[in-house]
Amino acid sequence: MNDAHAGERAALYALGALDDADAAALEAHLRVCAECARLVGEAERDVDTIASLQTRRRAPQELNERIEHLLAPAPTRRMPWPAFAAVAAAFLVGVLPSAYLWERNRAIEDAMLSQSAAMDRLAATAHRTVSFRPSSVALAANVMYAPDGSWYVIVVRGAQHALQVAWMHDGAQTMLGDAVPHGGVAMLYLPKSHRMEQLALMDGQRIVAQAQLPY
Amino acid sequence: MARAPGDEEALAVAFAAHERWAFARAYREYASLLYSVAYNVVRNSEDAQDCVADAIARLWRSPSAYSSERGSVRSFLVVCVRNEAISRRRRQSRRLRLEERLAAMPVEHQELDAGDPIERDRVRSAFAKLPEDQRAALALAFYEGKTHTEIASELKAPLGTIKSRISLGLRKIAGALGPDGVDR
């Protein structure tokens, strides 16, 4: 079975339509056959295209912590007491602040990756800019967007915590994602396939700013 | 989230080399997508979290599971997590008695659950444009997580025919939904 090429099973595998034994056999084959790995990779991209259009939910913090724990380096062997005490002291004076900075750097790195994608769009494509009208709180926010509605970048200055971005249409709100502040600026990049004429920034259930987007 | 091509390639190379930072970065970048993909199959948060964690753990223990020929790390992870979720749903389904299974069957396919109504309509429209035989086979695979054997039995068609219908239908629908298929 391991010698059998993927053929039409590539699509079945990517869709999850093989039973567990067939899927395991194909996975074993993919480890030794580059051509079939390419074929399955194409089918995986097709499934990703459909799956990505389904409802999005934010990953719970418990899950993030589980994965972080899973990928953490394995602990080394137990140390004798004097060595342990020395390491504990070093931890208190050195590693704890470093861990804080590492965590902070990681968040900054994530924000930079997101900003990089948005900057690519802003630099390469003609776009429009509209300011949000704040209702009560003091914040400054803009939305930059493609005239064909294929992407939107929402930037909020002065946000103390994450704000939700919603599309207001037909008397309904569709939640699009969170603008999470890093270094005083919150940003959300939204690749889309359609025009949205009214966006709102929400703090929980409260609308704190709205923007009308002309086309 | 779109990424610069260089970033994607660097991540793929490091992911194939089983580097810890690449796994961590890939998870951070696609966490919500992976969780959502699992949730859309198993329909509860606890199981969805288990699916993501089990899939990542399995990959972390299998150094050669991903090779750069496979292409996109993101799509690879989406399929790994989705397959984990489908396997879990099948195991749970087998444990249910027949009448419970009938009651648990979705009345409508979950494309109706897409958050953004415009995107939901795109998916629905792309499915509607498929020939009936391809649409039925693909919907049973994608939305109901059935195996090709089950689909062949349900649609009363030979296995080879079902494989072809699913394969063709998947290419067509992804073509219609992908960047080149956007109808503006």
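Modeller: What follows goes from the chains to their interface and then to single residues.

Modeller: This is a predicted model, in which local features need pLDDT of at least 70 and side-chain atom pairs count only at pLDDT 80 or more, while totals for chains, interfaces and linings use all residues. Residues are numbered from 1 along each chain as its sequence is written, chains are lettered from A and ligands numbered from 1 in the order in which they are written, and side-chain values use heavy atoms, with hydrogens and water left out.

Colleague: OK, how many helices and strands does chain A have?

Modeller: Chain A has five helices and nine strands, where helices (H or I, at least four residues) and strands (E, at least two) are DSSP runs numbered from the N terminus. Along the sequence the pattern of chain A is α-α-α-α-α-β-β-β-β-β-β-β-β-β.

Colleague: And what is the count for chain B?

Modeller: Chain B comes to nine helices and zero strands. Of its 184 residues, 51% count as buried, buried being under 20% relative accessible area, exposed over 50% and partly exposed in between (1.4 Å probe, protein chains only). In chain A, buried residues make up 42% of the 215 residues.

Colleague: Back to the strands of chain A, in what order do they sit in the sheet?

Modeller: The nine strands form an open sheet in the order E1-E3-E4-E7-E6-E5-E8-E9-E2 (chain A), with antiparallel pairing; two strands pair if DSSP finds at least two bridges between them. Strand E1 (128-131) and strand E2 (133-134) of chain A stand at the edges with a single partner strand each, so one side of each has no neighbour in the sheet.

Colleague: What about E7(A), is that strand mostly covered or mostly open?

Modeller: Strand E7 (residues 185-191) of chain A is mostly covered, since five of its seven residues are buried. Strand E4 (residues 151-157) of chain A pairs with E7(A) in the antiparallel sense over seven bridges, and Val155(A) has Met187(A) in E7(A) as its bridge partner. Strand E6 (residues 172-182) of chain A also runs antiparallel to E7(A), joined to that strand by three bridges, one partner pair being Pro181(A) and Ala186(A).

Colleague: How many residues lie between E6(A) and E7(A)?

Modeller: There are two residues between E6(A) and E7(A), which form a hairpin, and Gly183(A) in the turn has a positive phi of about 60°.

Colleague: Which strand does E5(A) pair with over four bridges?

Modeller: That partner is strand E8 (residues 198-203) of chain A, in the antiparallel sense, and Val165(A) stands opposite Leu201(A) in E8(A).

Colleague: Changing topic, what area is buried between chain A and chain B?

Modeller: The area buried between chain A and chain B is about 6,400 Å², of which carbon and sulfur atoms give 57%; buried area is the accessible area (1.4 Å probe) that two parts lose on being put together, summed over both. The contact, meaning heavy atoms within 4.5 Å, takes 65 residues from chain A and 78 residues from chain B.

Colleague: How many salt bridges does the rule find across that interface?

Modeller: Across the interface of chain A and chain B the rule finds six salt bridges, each being a side-chain nitrogen of Lys or Arg within 4 Å of a carboxyl oxygen of Asp or Glu. One of them joins Arg74(B) to Asp48(A), with the closest N and O atoms 2.8 Å apart.

Colleague: Which elements of chain A supply at least two residues of the side that touches chain B?

Modeller: They are helix H1 (9-15), helix H2 (20-30), helix H3 (34-51), helix H4 (61-71), helix H5 (81-124) and strand E5 (163-169) of chain A. H3(A) gives the most to this side of chain A, with 15 residues.

Colleague: Last one, over in chain B, is Glu84(B) buried or exposed?

Modeller: Glu84(B) is buried, with a relative accessible area of 14%, and is found in helix H4 (residues 73-95) of chain B. Leaving aside neighbours within four places in sequence, Glu84(B) is in contact with Cys51(B), Asp54(B), Ala55(B), Arg58(B) and Arg91(B).

Colleague: And where is Lys156(B)?

Modeller: Lys156(B) is in the loop between helix H8 (148-155) and helix H9 (159-177) of chain B. Lys156(B) counts as exposed at 75% relative accessibility, and its phi is near 55°, a positive value in a residue other than glycine.
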